[in-house]
Amino acid sequence: MGNVLDNSLFMQKPDKFRQLSGAVEQFNIRYNGSNIIQDDIFFVLKNYARTKGIMLELLRFPTKDDDFCALTCVQKGKIFVYVNSWLPLSNQIFAAAHELYHIWRFIEEKDESILRKGSFLNAAAMDEDVKNNEDLEANAFAGMLLVPSGALFEQMKIYGISRENQSLEDIIRLMAVFSVPYKAILLRLYEEKYMEMDRAREFLAVKKEALEKEICYSADADRWQKRTPEIIQLGTLKQMMDQNQENELLAASRAASDGEIYVRLLRRYGSDRE
């Protein structure tokens, strides 16, 4: 688990990390305020695009593949973002924040890479095996957005968490507060100089089974590790179908056919809700 430190933007490109930190702080002030985001990241993502006059469709449904986290593409001027609702919820939150960086770059910095080839996020890139600079930056952006420096300091004070001697229980408490994966909170503690590298490496060496057992003891933390295959969000598809039917924009046969396809999509992903 140790590569998360060595492969971070903080370690690889400290100047870029500091520059990005300022940009994230301004983004948070403008689009989030002083809130701890947690699963509001999905609203933040959509609201950011809305304020920029960009159409964005957020899709969430379960793909039973732990390696497939998220993707973003642009088609005919509309941004499509998919987040895999099969993943633990904290991973979904981090994946959405990661994709938000690519969208931010596309809108604010006129970066056309997402327009040309889209963005595909797998578990390795979200975790520690980052292959390109933009994913390195996107992970740092996501961490700083979800775990802001000031909020991290405040929560450590509230829960009496020491800078010098954190326990595994303390780390799990902070995971619950910010709703982020284990490695993400350790990296943020290290980046903010609230944890020494040797201590961070000790926590990164904790076996997965032991960590999961400890998380299960904390209901607050455990709920963010649950998979959510029941979440099936197909963007504005149902709304557009209803509008077509209400305004009689399609022939009755086409409207019926569209309805059948929609129901099949829901059933395919584990729901027969209409």
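1. **Ground rules.** Residues are numbered from 1 along each chain as its sequence is written. In this predicted model local features need pLDDT of at least 70 and side-chain atom pairs count only at pLDDT 80 or more, while totals for chains, interfaces and linings use all residues, and side-chain values use heavy atoms, leaving out hydrogens and water. Helices (H or I, at least four residues) and strands (E, at least two) are DSSP runs, numbered from the N terminus.

2. **The sheet.** In what order do the five strands of the open sheet lie? The order is β4-β2-β3-β1-β5, with mixed pairing; two strands pair if DSSP finds at least two bridges between them. β4 and β5 (233–234) stand at the edges with a single partner strand each, so one side of each has no neighbour in the sheet. Helix α4 (residues 41–51) packs on this sheet and touches β1 (56–61) and β3. The direction of α4 makes about 160 degrees with that of β1.

3. **Around β2.** Strand β2 (residues 68–75) runs antiparallel to β4 (residues 119–122), joined by four bridges. β2 also runs antiparallel to β3 (residues 78–84), here with six bridges. Two residues lie between the strands in the hairpin of β2 and β3, where Lys76 takes a positive phi near 50 degrees.

4. **Helices α3 and α5.** Helix α3 (residues 14–31) packs with helix α5 (residues 89–108) at an angle of about 95 degrees, and their axes are 13 Å apart. Axes are lines fitted to C-alpha atoms, for helices over the stretch in contact, and angles run from 0 to 180 degrees between N-to-C directions. These two helices are therefore roughly perpendicular to each other (angles under 35 degrees count as roughly parallel, over 145 as roughly antiparallel, 65 to 115 as roughly perpendicular and the rest as oblique). Leu20, Ala23 and Phe27 of α3 make the contact (heavy atoms within 4.5 Å) with Leu100, Tyr101 and Trp104 of α5.

5. **Helices α10 and α11.** Helix α10 (residues 168–178) and α11 pack at about 105 degrees, with axes 9 Å apart. Which residues of α10 and α11 make the contact? From α10 come Leu168, Ile171, Leu174, Met175 and Phe178, and from α11 come Tyr182, Ile185, Leu186 and Leu189. By class, this contact has nine nonpolar, no polar and no charged residues (Ala, Val, Leu, Ile, Met, Phe, Trp, Tyr, Cys and Pro count as nonpolar, Asp, Glu, Lys and Arg as charged, and the others, Gly among them, as polar).

6. **The largest pocket.** A pocket is an open set of points on a 1 Å grid over the protein atoms alone, where a 1.4 Å probe fits, with protein on both sides within 12 Å along at least five of seven lines; lining residues have an atom within 4 Å of a point. The largest pocket holds about 1,000 Å³ of space, the volume being the space filled by probe spheres set on the points, which are joined across faces, edges and corners. Of its 39 lining residues, Asn91, Asp127, Pro181, Tyr182 and Lys183 are the closest to its centre. α11 gives the largest share of the lining, six residues. The lining divides into 22 nonpolar, seven polar and ten charged residues.
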